[in-house]
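This report covers the surface patches, salt bridges and strand pairing of one model. The sequence and coordinates come next, and the notes follow them.

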Amino acid sequence: MNKTFKRVITALGSVFAFCACSLTAFAEDAAGGTNTTGGTQTPAGSNIMSLIIMIVPFLLIGYFLIIRPEKKRKKEAEALRDNLRPGNRITTIGGIVGTVETVTDDEIHLTNGLVLKRWALRSIDETAPEEGSAAVTYYEEDEEDSKE
């Protein structure tokens, strides 16, 4: 299973547990409106305060398990799309592998003639050397090596 799915299931379990606790507290309020302990009545405000104390941790858990990782993933995907340039070898979410020929605002043109949307990019497998870089070296085969 993927991590996001596990996090969502965990968060939903927490929410269901929270709902069960809060429904129990509200049922006690509806039944009599008071808890009797030693002949004194507990004010209804203490039940609301305990409910708020239970809600805050669940909101924090939901934020750290679901919202924050999703924002981070989106930011990484956007950075990946921004770093795309001609010559990169890419893989799409559909499994197509190709070399980038040109990049427009919303499309990627591959050397084999395919045109893809930028959102379909999954990963950059090999980065192209920058223009004017000393890392670009072409070797010509010697005629003697090709005969052997």
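Does Glu70 count as buried, partly exposed or exposed? At 26% relative accessibility, Glu70 is partly exposed; the classes are buried under 20% relative accessible area, exposed over 50%, and partly exposed in between, with a 1.4 Å probe and protein chains only.

## Basis of the values

The model is predicted, and local features need pLDDT of at least 70, side-chain atom pairs count only at pLDDT 80 or more, and totals for chains, interfaces and linings use all residues. Residues are numbered from 1 along each chain as its sequence is written, and side-chain values use heavy atoms, with hydrogens and water left out.

## Salt bridges

A search of the whole structure finds three salt bridges, each defined as a side-chain nitrogen of Lys or Arg within 4 Å of a carboxyl oxygen of Asp or Glu. In one of them, Glu70 is paired with Arg73, with the closest N and O atoms 2.6 Å apart. These two residues are three apart in helix 2, so about one helical turn separates Glu70 from Arg73. Helices are DSSP runs of H or I with at least four residues, strands are runs of E with at least two, and both are numbered from the N terminus. Arg73 is partly exposed, at 45% relative accessible area.

Helix 2 also holds Glu78 and Arg81, again three residues apart and separated by about one helical turn. Their side chains meet in a salt bridge of 3.2 Å, N to O. Glu78 is partly exposed, with 39% relative accessibility.

Lys117 and Glu107 form a salt bridge in which the closest N and O atoms are 3.6 Å apart. This pair links distant parts of the chain, with Lys117 in strand 6 (residues 115–117) and Glu107 in strand 5, 10 residues apart. Lys117 is partly exposed at 37%, and Glu107 is partly exposed at 24%.

## Surface patches

Lys3, Arg7, Arg68 and Lys72 form a positive surface patch. Patches consist of residues with over 30% relative accessible area and no salt bridge; like charges are joined within 9 Å, and nonpolar side chains (Val, Leu, Ile, Met, Phe, Trp, Tyr) within 5 Å. Lys and Arg count as positive and Asp and Glu as negative, while His and the chain ends are not counted. A charge is placed at NZ of Lys, CZ of Arg, CG of Asp or CD of Glu. Helix 1 (3–31) and helix 2 (44–82) each supply at least two residues of the positive patch. Lys3 lies in helix 1 and is exposed, with 63% relative accessible area.

A nonpolar surface patch of about 910 Å² includes Ile48, Met49, Ile52, Tyr63 and Phe64. Accessible areas come from the Shrake-Rupley method with a 1.4 Å probe; for residues, only the protein chains shown count as cover. Met49 is in helix 2 and is partly exposed at 49%.

## Strand pairing

Strand 3 (residues 89–92) and strand 4 (residues 97–103) pair in the antiparallel sense over three bridges; pairing requires at least two DSSP bridges between the strands. Arg89 stands opposite Thr99 in strand 4.

A hairpin of three residues joins strand 4 to strand 5.
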